[in-house]
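Student: Can we go through this one together? I have the viewer open.

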Amino acid sequence: MERREAIRNATLLFGGAITASTFSVLFESCNRTEIQGDDEILFSSDQQLLITEIADIIIPQTTTPGAKAAGVGPFITMMIKECYPEEVQKSFVEGLQNVDKLAKSKFQSIFVDLKLEDRNAIIREIADETIKFRKTDKDREKAEAEKTNNRINSNNNQPVKPGKTYFFALIRELTIMGYFTSELGSTKALAYLPIPGKFDACVDLKPGQKTWAL
């Protein structure tokens, strides 16, 4: 199985954690055979390091390897550069810049130089703000749709449009996807069967049992 197929399967598995924007990217944009501007530098080396460290806060090392060990940082930069449109790329870069701005305003240092508890505090604040902003935007969109008698996601054969890009939501879902489709994530965090037998569509999991890798 190619990793791109594994990524798509993981997206379906973690459906609740993946937004419409990324569903659209994986099932449409990544079918492109040519990547425009592939030789251009989108992220600086400092930003690539920042992405890696944020991912490792989202999925830290515990009894299993964390996102950094699984190489999730480079996966995220690849996905943003090769699969997302320019407006999302710009929004993502701005999100990275805002992480360091918040770190400097609160702890007088860039994010990667902070101690672990301060990094956790920064990411927790950004996550809480994202939840608040998404709820506010969703309520406003719903109100606007009701005014025009065009409810969101109504069954009128109109395609569902990708939602607004939120930096933390995007880096979180790419961290999840990258981790659980990596070799370490699949074999250490999930129950991995290298030579599968018959396919059982519905299997009960025992208490504490790991989810099966795809």
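Tutor: Some terms to begin with: helices (H or I, at least four residues) and strands (E, at least two) are DSSP runs, numbered from the N terminus. This is a predicted model, where local features need pLDDT of at least 70, side-chain atom pairs count only at pLDDT 80 or more, and totals for chains, interfaces and linings use all residues. Residues are numbered from 1 along each chain as its sequence is written, and side-chain values use heavy atoms, with hydrogens and water left out.

Student: OK. Which helix is L170 in?

Tutor: L170 belongs to helix α7.

Student: Buried or exposed?

Tutor: L170 is buried, at a relative accessible area of 5%. Buried means under 20% relative accessible area, exposed over 50%, and partly exposed in between (1.4 Å probe, protein chains only).

Student: How far apart are the C-alpha atoms of L170 and V88?

Tutor: They are separated by 9.6 Å, while L170 and V88 are 82 residues apart along the chain.

Student: Switching to the core. How many residues does the largest nonpolar core have?

Tutor: It has 38 residues, and I54, I76, F92 and F111 have the most contacts inside it. Helices α3 (45-58), α4 (72-83), α5 (86-107), α6 (116-147) and α7 (167-180) each supply at least two residues of this core. A nonpolar core here is a set of buried Ala, Val, Leu, Ile, Met, Phe, Trp, Tyr and Cys residues joined through side-chain atoms within 4.5 Å.

Student: What is I54 in contact with?

Tutor: Leaving aside neighbours within four places in sequence, I54 is in contact with L96, V99, F111, I123, F167 and I171. Contact means heavy atoms within 4.5 Å.

Student: And α3, what do its buried residues pack against?

Tutor: They pack against α4, α5, α6 and α7. Among the buried residues of α3 are L50, I54 and also E53 and D56.

Student: Aromatics next. How many pairs?

Tutor: There are three aromatic pairs in the structure. The F92 and F167 rings have centres 5.0 Å apart and planes at 55°, so that pair is tilted. F92 is in helix α5 and F167 in helix α7, 75 residues apart. Rings of Phe, Tyr and Trp (its six-membered ring) pair if their centres lie within 6.5 Å; planes under 30 degrees apart count as stacked, over 60 as edge-to-face and the rest as tilted.

Student: Why does F92 count as buried?

Tutor: Because its relative accessibility is 1%. F167 is buried too, with a relative accessible area of 12%.

Student: Which residues form the aromatic cluster?

Tutor: F43, F92 and F167 form one cluster.
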